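I opened this model to look up its charged pairs, its surface patches and its strands. My notes follow in the order I checked things.

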Amino acid sequence: MAADVIGIENFSISGRGNQLTITRADIALRDSRMQVEGALRSTPSGITMELDMDADRLDEAVIRSLRSAGDKETPMQGQ
C-alpha cells in the first residue's frame, strides 16, 4: 500500500520536561476525520504514547494501515 498523507488541520501542543501534551489535534486520513488528544513521554526505554481518538468513521483501509504501522513498532513496556 502506498503511504497515506495525514493532514493536521488544527492542533494545540505543549511541552514540559520529557512530555508533550496534545490538547487537541484535528487530523484527516483518507476520508476519515479524527480528533486526537493525549501525551507522548520520553522514557529510558523509548517513547510512550497515551492517546484518545474520536473519529467520524474509520474505513477498513485506515484500520489496516494503523495496524501494520503498529506491527513495525516495538511494543510499549508496562502496558
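**Entry 1: R33 and its partner.** I started with R33. It counts as partly exposed, at 44% relative accessibility. I note here that the model is a predicted one. Which residue forms a salt bridge with R33? I found E9, with the closest N and O atoms 2.6 Å apart. R33 sits in strand β3 and E9 in strand β1, so this pair ties together parts that are 24 residues apart in sequence. E9 is partly exposed, with a relative accessible area of 46%.

**Entry 2: the other salt bridges.** How many salt bridges does the structure hold? I got three. Side chains of opposite charge can pair when their charged atoms come close. R24 and D26 meet through their side chains, at 3.1 Å from N to O. I looked up the exposure of both partners. R24 is partly exposed because its relative accessibility is 45%. D26 has a relative accessible area of 16%, so D26 is buried. Next I took R41. R41 forms a salt bridge with E50, and the closest N and O atoms are 3.4 Å apart. The relative accessible area of R41 is 26%, which puts R41 among the partly exposed residues.

**Entry 3: overall layout.** I then stepped back to the whole chain. Read from the N terminus, the order of elements is β-β-β-β-α. What share of the 79 residues is buried? I noted 19%.

**Entry 4: β3 and β4.** Strand β3 covers residues 32-43. Strand β4 covers residues 46-55. The two pair in the antiparallel sense, over 10 bridges. They form a hairpin, with two residues between them. I looked for the residue opposite T43. That residue is G46, in β4.

**Entry 5: M34.** M34 also called for a look. M34 lies in strand β3. Is M34 buried or exposed? M34 is buried, because its relative accessible area is 6%, and the cut-off for buried is under 20%. I also checked M34 against D56. These two are 22 residues apart along the chain, and their C-alpha atoms are separated by 6.8 Å. In a regular strand the side chains alternate between the two faces of the sheet.

**Entry 6: negative patch.** Which residues gather with D56 in a patch of negative charge? I listed E37, D52 and D54. I followed up on D52. D52 is placed in strand β4. With 51% relative accessibility, D52 counts as exposed, since exposed means over 50%.

**Entry 7: nonpolar patch.** Last, I searched for nonpolar side chains on the surface. I6, I8, F11, I13 and L20 form a patch there. Together they have about 520 Å² of accessible area. Which strand gives the largest share of the patch? I noted strand β1, residues 6-16, with four residues. F11 lies in strand β1. The relative accessible area of F11 is 56%, so F11 is exposed.

Definitions and conventions
Residues numbered from 1 in each chain as written. Predicted model: local features only at pLDDT ≥ 70, side-chain atom pairs only at ≥ 80, totals over all residues. Heavy atoms only, no water. Patch = residues over 30% accessible without salt bridge, like charges linked within 9 Å, V, L, I, M, F, W, Y side chains within 5 Å. Areas by Shrake-Rupley, 256 points an atom, 1.4 Å probe, with all protein chains shown as cover. Salt bridge = Lys/Arg side-chain N within 4 Å of Asp/Glu carboxyl O. Lys, Arg positive; Asp, Glu negative; His and termini not counted. Charge placed at Lys NZ, Arg CZ, Asp CG, Glu CD. Buried < 20%, exposed > 50% of the residue type's maximum accessible area, 1.4 Å probe, protein only. Pairing = 2+ DSSP bridges.
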